[in-house]
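Reader: I'd like to go through this structure with you and ask what stands behind each label. Could you show it to me?

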Amino acid sequence: MVGRYMVVHIPGNDKILSLAEVGVYGDLAGNRAVRGAATQSSTSGDWFAEKAIDSNRGLQQLYTGCSSTLNQTNPWWRLDLRDVYRVSKVVVTNRRDCCTEQINGAEIRIGNSLENNGSNNPICAVIPAIPAGESYNYSCGGMEGRYVNLIVPGDMKTLSLCELEVYGEGPCLKGSFVKMQFNSGNDLTDPSMRENVLKQLGSALADRGLTDVTLRWTQTPERVIQKGNDDKRESVLSTFVNEATLHLDPASSLFLPHHVTPRKC
């Protein structure tokens, strides 16, 4: 079905409509890049990064419609899609005026990490060459990611880009819930102690970039008595098995530790 409006309606008199959440999913065709934010490793003159996502292929004939870095080691250009998408293809348009070889060898990388400015994310494709002013399609097979990077490996390289388009499905990630279980020697049956533990955990997560996080106990910690035999003397160790649930917003969830997997599309 095609439409701009989606209505939930209950026919009849004296009815009440209550909704906790409404989600709409579908193949929303269009270039995802235009709603993103672009940046690059350096900028040559007024060849700003955002010129590569202005949706104006007509300017590809002129240098004024392209982005370009300075001559440097491993120059990169990055697009933040603002949400996680399943990318089906990336379309790259090369400059027409000159220097078409600058795009040669560029790697298209897609993922959720900003490590090494996003250049460590998985590779979708490597661009051998694109003729002057031409647009080439690169299939990414539904790779999931928030960031789309182009990087030209090597010394004394320049990355010029006249247009980059991203097509795919999403957003894939609305939010994440992560459960943690750990042991503690503290008496976590004490509400003030439990609150203090959550504050410490929240502070540690903030140091790692997780700022929009809600922490709460999903159950009262249980006390477990563990007996051991040390030098023929019986010792009793009291520990508490605790569980916390974390709610992470779409932006924060992208920075989860590597062992936590966000909900897929």
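Reader: Which residues touch the most other members of the largest nonpolar core?

Author: Those are Trp77, Val92, Ile108 and Leu164, in a core of 30 residues. Before we go on, please note that this is a predicted model, where local features need pLDDT of at least 70, side-chain atom pairs count only at pLDDT 80 or more, and totals for chains, interfaces and linings use all residues. Residues are numbered from 1 along each chain as its sequence is written, and side-chain values use heavy atoms, with hydrogens and water left out.

Reader: What makes a set of residues a nonpolar core?

Author: The members must be buried Ala, Val, Leu, Ile, Met, Phe, Trp, Tyr or Cys residues, joined through side-chain atoms within 4.5 Å. Buried here means under 20% relative accessible area, while exposed is over 50% and partly exposed lies in between (1.4 Å probe, protein chains only). As general background, nonpolar side chains tend to be buried together in soluble globular proteins.

Reader: Which elements give two or more residues to this core?

Author: Strands E3 (76-93), E4 (106-111), E5 (123-127), E6 (135-151) and E8 (163-169) do. E3 gives the most, with seven residues. There is also a second, separate core of six residues, among them Leu198, Leu205, Leu215 and Trp217.

Reader: How many helices and strands are there, and what makes a run count as one?

Author: The protein has one helix and twelve strands. They are DSSP runs numbered from the N terminus: helices are H or I with at least four residues, strands are E with at least two. Read from the N terminus, the order is β-β-β-β-β-β-β-β-β-α-β-β-β.

Reader: Why is Leu161 called buried?

Author: Its relative accessibility is 1%, so Leu161 counts as buried. Leu161 lies in strand E7, and its C-alpha atom is separated by 8.6 Å from that of Trp77, 84 residues apart along the chain. Over the protein, 38% of the 265 residues count as buried.

Reader: How do you know that Asp80 and Arg146 form a salt bridge?

Author: A salt bridge needs a side-chain nitrogen of Lys or Arg within 4 Å of a carboxyl oxygen of Asp or Glu. The closest N and O atoms of Asp80 and Arg146 are 2.8 Å apart, so the pair meets that rule. Asp80 lies in strand E3 and Arg146 in strand E6, so the bridge ties together parts that are 66 residues apart in sequence.

Reader: Are these two partners buried or exposed?

Author: Asp80, at 16% relative accessible area, is buried, and Arg146, at 10%, is buried too.

Reader: How many salt bridges does the rule give?

Author: The count comes to three. One of them joins Asp97 and Arg95 at 2.9 Å, N to O. There Asp97 is partly exposed at 38% relative accessibility, whereas Arg95 is buried at 5%. Arg109 and Glu107 also meet in a salt bridge, at 2.9 Å, and both of these residues are buried.

Reader: What makes you say that Lys89 sits over the ring of Tyr167?

Author: The charged end of Lys89 is 5.1 Å from the ring centre. The rule asks for NZ of Lys or CZ of Arg within 6 Å of the ring centre and within 35 degrees of the ring normal, and Lys89 is listed as sitting over the ring.
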